[in-house]
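User: I'm new to this one and would like to learn how to read a few of its features. Could you walk me through them?

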Amino acid sequence: MNLLIAIPLVALVLTSLLVLLVLLRSQRKRGQPAFLVFLTSMAVWAGAIYFFRSSANTQIAMYWEIVTTFAVSLMAASFFHFSYLNTKRHPPLAVPVAYAGVAIIGLLSLTSLLYTGVDVDKFGYFPIAGPLFILIPLHNYLFVTWGMINFIKGYRKSQDLNERNSFMLIILGVVCFWAGGFSDLVSTLNNNLPPLGLLGSILFSLLATVAVVKYKLLDIRSAVRKSTAYALVSLLVAVPYAGLVLLASYYLRGSRLEALWYVVLFLVLAMILQPLWRWAQGLVDRLYYSKRYDYLQSLNDFSRQIQLFRDLDETSNRLVKLIATLLKAEKVILLFESPTQKKLLTMASFTFNSPGKDIDISLSSDNLLTEWFIQHRRYIEFEEIDTIPLLRTLPASDRQTLEAIATKYLVPLVSSTAELIGIIVLGDKQGSKLYTHEDLQLVISIQNQLAMSMENARLYRDRKYSESALRQSENKLRFMFESMAEGITVIDNRYTILEINQAAANMYGLHKNELVGKPFFSLISEDCRNKLLLYTQNSPNYDTPIMFECQLLTTQGKHFPALLSISMLDDQTDGPRKYVCVSQDISTLKSLESEQRILRDKAEVSSRLASVGEMAAGIAHEINNPLTGVIGFSELLAREDLPEQTRDYVKYILEGSNRVKEIVRRLLTFARQTTPYKTRLDARELIDNTLELRGYVLRTANISVVTDYEEGLPWVSADPGQMQQVFLNLIVNAEYAMKKAHDGGTLTITTRHKDGQVFISFADTGPGMDGDTLSHLFQPFFTTKEPGEGTGLGLALSRSIVLDHGGDILVESNMGTGTTFTVRLPVSRDEPEPGKAGKEVKTAVRPSPASSSILVVDDEAPIRALVAKILTVQGHRVTEVGNPAEAIASLQADSYDVILMDIRMPGMSGRELYARLNQAGPGIAGRVVVITGDTSDAGTRAFLRENNLPFIAKPFGREQLLEKVNEVLGNKQG
């Protein structure tokens with residue numbers, strides 16, 4: 001095997017190993033795949049050249065030449081691609097063009113356009129160039145050169161020393177490739193010159209691989225000694241290798257074992273090259289540096305390891321062990337500043353004889369030793385303390401502490417800010433040896449590095465703690481920000497949302513990520529925008545936030561009330577201002593306020609109704625007393641023989657008085673001041689009474705009333721006051737609707753009886769109601785009247801009353817045809833026969849026994865005179881007294897068959913008088929008849945019911961009085 005065949009075989013093995021090395025050792029970067037393609041194509045190229053040059057005939061050689069052409073073209077394209085990726089530049093369109101050129105050259109190589117054939121000369125096979133052969137060097141050298149230009153640009157722009165070194169190695173490799181390629185080109189054109197281009201490619205691959213794997217260049221200052229080491233290794237390797245090659249050429253020429261021998265020889269050479277290099281490097285270093293070699297080696301090891309330390313505790317422990325190892329000290333202690341005390345405390349310690357034993361000591365940092373260290377920044381031998389006057393003041397406790405641990409040297413660690421951050425205490429050297437000059441030089445050399453390393457570790461610790469505290473603080477603030485019930489929105493001076501919490505986002509109906517970046521003005525009403533603009537543009541005092549109520553908008557365009565507070569985020573005098581808007585949805589609060597307002601209005605209405613009832617009861621009581629006299633004396637006058645004209649006058653007085661009497665009774669019934677219990681009643685009579693109350697208003701409103709009562713209508717069981725309230729409400733509603741729509745109309749009231757129920761209908765000729773109004777008609781506080789004209793409680797209360805009576809209210813209405821309300825009530829179970837309902841059954845007044853003795857007790861003189869007149873005419877003996885005291889005196893002096901007394905009297909009430917009479921004996925109390933105008937009072941009703949007392953309600957007439965007196969006298973006789 002000749003040298004031209006051995007070179008490509010060596011290149012194949014070498015490039016294959018380089019591919020494996022890149023896969024195992026290089027950093028995973030985006031340019032690695034392209035570089036692997038480059039190395040693989042180089043390996044294929046070397047292999048193809050080997051098989052080309054060792055082919056059996058020209059036909060096989062031509063086949064391998066085609067592979068060689070494709071591989072070298074792919075190498076050039078992949079290197080060009082790698083140059084862009086490794087210099088952190090985006091690959092241009094030229095990269096796919098380069099790969100397209102590879103495909104074109106590969107296709108053309110199958111024709112005779114690139115090579116017309118293969119010939120043989122003294123150097124072996126060589127290709128014969130075709131008409132388009134120039135495409136191969138043009139493509140390859142173009143893109144390889146372009147890639148080298150990219151690395152030159154990267155070298156100029158890069159600030160990283162290691163990166164610049166790697167670029168320079170690759171540039172040198174391209175130069176080698178150029179030189180080798182030029183050799184092949186000349187050989188192709190002139191077959192008298194051997195093709196040595198593969199040697200340049202091998203160097204190119206080696207240099208590029210070193211640049212990628214090691215990513216650094218050796219220090220120029222060590223170039224001389226490294227060159228010496230290279231020369232020594234080359235001599236040690238080249239001479240034996242050359243001899244073995246010559247022996248193989250002589251004895252194994254033409255043998256199949258010749259190629260295998262070269263491979264084995266190369267592998268053996270690769271195995272011994274690395275340890276041989278290390279031995280040669282050490283030998284040269286010792287020869288070059290002499291006694292300083294160990295010191296420099298230790299310094300290099302220390303510098304390399306100390307850069308790896310970050311954690312303060314780890315740095316401290318590893319430092320003391322490293323120093324003890326380098327200086328071979330028996331004891332090393334690192335004292336570090338205390339953040340809370342004016343002391344230097346043990347951070348780490350190492351003892352050669354007891355590696356696991358800790359030495360815990362402390363020194364005061366507030367003394368002259370500290371100042372001396374900061375000023376001089378050098379180590380001090382412990383014995384020097386006594387020779388330096390300034391250090392003689394060292395506290396005795398500190399001196400004793402240092403003596404106890406056999407201190408030999410104190411090495412200060414001074415920070416870049418002239419602060420003593422620690423002290424390294426060195427004990428004796430191992431084996432009782434003395435510290436050499438080289439040891440102390442090493443201490444001086446590493447002193448600053450130690451201080452810098454400890455300062456960095458301390459800063460790293462402080463930064464880590466600060467970052468942790470900052471993260472905790474940020475997380476806490478973020479949690480508070482997101483968990484607040486109020487909405488918080490941060491905006492800039494252009495009113496753009498910068499940040500928003502989920503509570504605010506929920507108010508607007510979106511996720512907070514969808515709101516960031518949106519204009520805040522799209523979420524607030526116009527009045528709110530004006531106030532915000534006024535605050536942010538015209539307010540002289542931004543320290544004081546403003547708070548106001550406004551309408552905010554959801555993303556669906558709906559308004560909702562909110563309380564908005566706006567304040568500036570912080571005092572930003574230079575940059576653009578930011579503002580914090582805190583919003584609180586007060587829709588629920590507003591709703592509650594509205595409900596409370598309605599409840600207050602309802603309570604006020606109820607209070608007014610109660611006041612009206614109380615006032616009506618008081619007025620009725622005051623009216624009933626004089627009205628009793630008017631009615632009674634009018635009846636007496638009517639019985640006298642009077643002139644016709646006078647008789648007519650008395651008749652008018654009596655009719656008017658009875659009308660007033662009915663009005664008062666109906667007023668008490670409406671005010672619910674009568675007894676609230678169900679009784680049999682005639683619905684027709686109750687309707688007529690209600691119409692009488694509203695008759696004047698209906699007539700003046702141009703409303704005519706038509707009644708259609710069924711004959712023989714059964715009685716119903718109802719509370720007259722409550723039912724009259726229902727009828728009156730229906731009448732008033734119909735009146736309002738007709739007057740507003742037509743300024744008049746007709747109200748038709750109909751009564752019917754069917755299936756044990758009485759139906760009472762109120763039909764008006766008003767405007768009617770639509771379906772939506774009918775669906776809400778009986779809801780509390782719903783009204784169709786104008787604001788201030790209705791409470792919305794009438795129909796709801798009316799229906800409640802009717803439902804309590806076992807009935808219901810029905811409504812029928814159409815727009816434009818009026819409305820009909822129908823009250824359905826059950827028939828009374830104990831009603832009289834049909835046809836008799838509504839007809840009073842009057843019994844004749846029974847004649848009273850003559851000469852009965854009757855006592856009349858009333859503070860109203862007209863009442864007493866009327867009663868005395870009526871009873872005297874009947875033949876009774878009547879005694880009148882004006883107060884209970886006189887009544888008691890009269891009862892003690894005489895006995896009476898009947899005692900007529902009022903309930904309300906000055907001094908002593910009728911109830912107290914009855915109690916006195918009851919104590920005197922049940923016989924006297926059983927003759928009492930109560931005359932009162934206060935039957936509406938609950939206390940009075942309870943008093944009459946509990947004592948089962950007969951009573952006469954004011955105002956009363958002659959027949960009522962005589963009937964009740966005769967009833968008592970008849971019971972007495974019976």
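User: Let's begin with E735: is it buried or exposed?

Analyst: Buried means under 20% relative accessible area, exposed over 50%, and partly exposed in between (1.4 Å probe, protein chains only). E735 has 9% relative accessibility, so it counts as buried. Keep in mind that this is a predicted model: local features need pLDDT of at least 70, side-chain atom pairs count only at pLDDT 80 or more, and totals for chains, interfaces and linings use all residues. Residues are numbered from 1 along each chain as its sequence is written, and side-chain values use heavy atoms, with hydrogens and water left out.

User: Which residue does E735 meet in a salt bridge?

Analyst: A salt bridge is a side-chain nitrogen of Lys or Arg within 4 Å of a carboxyl oxygen of Asp or Glu. Here E735 meets R694, at 3.0 Å from N to O. R694 is partly exposed, at 23% relative accessibility. E735 sits in helix α21 and R694 in helix α20 (residues 683–700), so the pair ties together parts 41 residues apart in sequence. Helices (H or I, at least four residues) and strands (E, at least two) are DSSP runs, numbered from the N terminus.

User: How many salt bridges does the structure hold?

Analyst: Nine. Among them is R752 with D708, at 2.7 Å from N to O. That pair links strand β17 (residues 745–754) with strand β15 (residues 703–709), 44 residues apart.

User: And how do I read aromatic pairs?

Analyst: A pair of aromatic rings is described by the distance of the centres and the angle of the planes. Rings of Phe, Tyr and Trp (its six-membered ring) pair if their centres lie within 6.5 Å; planes under 30 degrees apart count as stacked, over 60 as edge-to-face and the rest as tilted. The whole structure has 15 such pairs. One of them, F727 with F762, is tilted, with 5.6 Å between centres and 45° between planes. F727 lies in helix α21 (residues 720–742) and F762 in strand β18 (residues 757–763), so they tie together parts 35 residues apart in sequence. F727 is buried, with a relative accessible area of 1%.

User: What about helix α12: which residues are buried there?

Analyst: An α-helix has 3.6 residues a turn, so residues three or four places apart point the same way. In α12 (residues 368–376), L369, T370, W372 and F373 are buried. Down the axis of α12, they fall within an arc of 165° (taken from the directions from the helix axis to the C-beta atoms), so they line one face of the helix.
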